[in-house]
Amino acid sequence: MTAFWREAGLSYLQASNIAAAALRRAVKAEVRVQALKREDQMLKMAKWSNGKQGENKLLYTEPK
């Protein structure tokens, strides 16, 4: 038996993201803002040289 997301041609991550987005949109208005903040992603990067961490650089995606 195959999972429904595989039969639809999606990866597990794609199906999970679709389900999470649908759930956030279905939440009551008073908590929706908090739920939508979870969609934002942030990445922190630092170069290493000679075994020491360099300066941190914040990389992030633009909000939808």
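**Reading a loop, a strand and a helix**

Author: Asn 50 sits in the loop between β1 (42–49) and β2 (52–60), where helices (H or I, at least four residues) and strands (E, at least two) are DSSP runs, numbered from the N terminus. This is a predicted model, in which local features need pLDDT of at least 70 and side-chain atom pairs count only at pLDDT 80 or more, while totals for chains, interfaces and linings use all residues. Residues are numbered from 1 along each chain as its sequence is written, and side-chain values use heavy atoms, with hydrogens and water left out.

Reader: Is Asn 50 buried or exposed, and what is its phi?

Author: Buried means under 20% relative accessible area, exposed over 50%, and partly exposed in between (1.4 Å probe, protein chains only). Asn 50 counts as exposed because its relative accessibility is 81%, and its phi is positive, about 55 degrees, although Asn 50 is not a glycine.

Reader: Which residues does Ala 46 touch?

Author: Contact means heavy atoms within 4.5 Å. Ala 46, which lies in strand β1, touches Gln 53, Gly 54, Glu 55 and Asn 56, not counting residues up to four places away in sequence. The C-alpha atoms of Ala 46 and Asn 56 are separated by 4.6 Å, although these residues are ten residues apart along the chain.

Reader: Which residues of α2 are buried, and what covers them?

Author: In α2, the buried residues are Ala 15, Ala 21 and Arg 24, and what covers the buried residues of this helix includes α1 (4–7) and α3 (29–37).
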